[in-house]
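Student: I have a model open and want to learn how to read it. Where do we begin?

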Amino acid sequence: MAKVRIGLIGVGNISKLHAQGYALAPNAELFAVCDVNEERVQERKAAWGATKAYTNYHDLLDDSDVDAVEIITPHHLHAQIGLDALAAGKHVSMQKPMATTMAECDQLISASNASDQMFRTFENFQYYPPLVRAKELLDSGSIGEPLSMRIKTTIGTKQGWEIPYERWSWRFDPEKGGGGRIMLDYGSHVFAIAQFFMGDVEKVFSWISHQTIQHGWKIDSPAVVIWKYKDAAKYGSFEVIQSDEILVQSDHVPEDEWFEITGSRGFIWVNRCSSRLLDAPPVVMYRDGVTTNYSDMDTNWESTFIAGCNEFADCILAGRQARLTAEEGAKIVQMCRGIEQSARESREVLLDARVE
Ligand SMILES: NC(=O)c1ccc[n+]([C@@H]2O[C@H](COP(=O)([O-])OP(=O)(O)OC[C@H]3O[C@@H](n4cnc5c(N)ncnc54)[C@H](O)[C@@H]3O)[C@@H](O)[C@H]2O)c1
């Protein structure tokens, strides 16, 4: 295989960044596109120079010229398409969240273990250069022993993508979105980062309020979540607020997030991620009375998709596993579910016990 021939299943809003990512990946060719919306799929095929266009994903899976698929549909379709793709002998890159229930996650883990093909959950924040730099600093012992992690998210007023109503509305439909817009859809990113930095989570506690926003959509915000890592007395927290009075400058969704990692000798801050809220150096470290700013890195959020698409193709060619494995993807869904359950039942939830 000279280049990995990729098929995109679901070519809605975010697929534009995957298309860009695969166009720039030296080891990949964006070969086929599929969407139930015929007009959209034909328009994407022409714009992206793909060879084939399908309106039924089974036909794309039957195409022996397709080596690997990127599944970018609404959440309730993830598991079935993923299982069908593995059964058809395709490598699979699955958009977060990997699935909407733990039973589906288990099915994907089994199918992935039984398959010679690679399955990965694609969570893009892990490729964001400031977060990558912060993780390198942490792992090299720059702030000593990791002790805690704080994550803060602000959803503000619109100054980002114009997202058509029907492309956003499925996220607020429990059947299609599979859970809270924040805790599952968005939370899959920040809870992946929480685990990426400091390991597996033992238990969670949360308060989640719900507010009604435009179109009568119910959003699971404001909310506060705390967790304890499995590894000793290490803790994390996540706070989210939505306010239409806060301007979030963004080329995408008007939400941004920042991170604070505390170590035994100091702190690391990552001051912005998916948008441009705080005008501060992207990474700052404090240690031994000295504050160091790090600005020598790409802060374009779209670079996360380029890196993630690149890694998928490179790993297929090299016979390596790309992040995240099916098991790692399932741990993130488990954390989201545990957090939702904690708020519902006003108690801490242990993640070892399966939470549906
Ligand atoms: N930062 C990120 O990584 C990020 C950002 C946004 C969305 N996403 C993920 O990407 C996925 C899609 O989100 P979106 O915002 O692009 O949604 P979207 O609604 O814009 O796109 C989904 C597309 O899937 C198509 N579709 C529906 N059923 C299909 C089927 N059976 N076969 C083929 N196509 C089908 C729809 O017609 C639509 O074009 C979700 O999993 C979401 O969580 C990830």
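Tutor: With a cut-off. Buried means under 20% relative accessible area. Cys-315 comes in at 1%, so it counts as buried. Keep in mind that this is a predicted model.

Student: How many disulfides does a search of the whole structure find?

Tutor: The general idea comes before the count. A disulfide is a covalent bond between the sulfur atoms of two cysteines. Here the search finds 0 disulfides. Cys-315 is in none, and its nearest cysteine sulfur, that of Cys-309, is 12 Å away.

Student: Is Cys-34 buried or exposed?

Tutor: Buried, because its relative accessibility is 3%. Cys-34 lies in strand E2. Leaving out neighbours within four places in sequence, its contacts include Leu-8, Ile-9, Val-41, Tyr-54 and Leu-60. Tyr-57 is another contact. Cys-34 and Tyr-57 are 23 residues apart in sequence, yet their C-alpha atoms are 6.2 Å apart.

Student: How much of E2 is buried?

Tutor: Of its 7 residues, 6 are buried, so the strand is largely enclosed by the rest of the structure.

Student: Which strands does E2 pair with?

Tutor: Take strand E1 (residues 4–9): E1 and E2 are parallel, with 6 bridges. Arg-5 has Glu-29 in E2 as its bridge partner. Between E1 and E2 the chain passes through helix H1 (residues 15–24), in a right-handed β-α-β crossover. Now take strand E3 (residues 52–54): E2 and E3 also pair in the parallel sense, over 3 bridges. Here Ala-32 has Lys-52 in E3 as its bridge partner. Helix H2 (residues 38–48) carries the chain from E2 to E3, and this β-α-β crossover is right-handed as well.

Student: How do I read a nonpolar core?

Tutor: Look for grouped side chains. In soluble globular proteins, nonpolar side chains tend to be buried together. The largest core here has 78 residues, and Met-183, Phe-191, Trp-227 and Phe-238 touch the most other members. Helix H9 (residues 181–198) gives the most, with 11 residues. At least three residues come from each of domain 1 (4–125 + 305–323) and domain 2 (126–300 + 336–345).

Student: What does Trp-227 touch?

Tutor: Beyond four places in sequence, its contacts include Ile-151, Phe-191, Ala-194, Val-201, Phe-238 and Met-335. There is also a second, separate core of 28 residues, with Phe-31, Tyr-54, Leu-61 and Ala-79 among its members.

Student: Which residues have a positive phi although they are not glycine?

Tutor: Ala-232 is one, with phi about 60 degrees. Ala-232 sits in the loop between E11 and strand E12 (235–247). Its relative accessible area is 48%, so Ala-232 is partly exposed. Ser-346 is another, with phi about 50 degrees. Its loop runs between H11 and strand E17 (349–350). Ser-346 counts as exposed, because its relative accessibility is 58%.

Student: Where are cis peptide bonds found?

Tutor: One joins Ser-221 and Pro-222, with omega about 5 degrees. Pro-222 lies in the loop between strand E10 (218–219) and strand E11 (223–229). Another runs from Arg-323 to Leu-324, with omega near -15 degrees. Leu-324 is in the loop between helix H10 (303–318) and helix H11 (326–345).

Notes:
Residues numbered from 1 in each chain as written. Predicted model: local features only at pLDDT ≥ 70, side-chain atom pairs only at ≥ 80, totals over all residues. Heavy atoms only, no water. Helix = DSSP H or I, 4+ residues; strand = E, 2+ residues; numbered from the N terminus. Buried < 20%, exposed > 50% of the residue type's maximum accessible area, 1.4 Å probe, protein only. Disulfide = S-S within 2.5 Å. Core = buried A, V, L, I, M, F, W, Y, C linked by side-chain atoms within 4.5 Å. Domains from an automatic or database assignment. Contact = heavy atoms within 4.5 Å. Pairing = 2+ DSSP bridges. Right-handed = clockwise from strand over helix to strand, strands pointing away.
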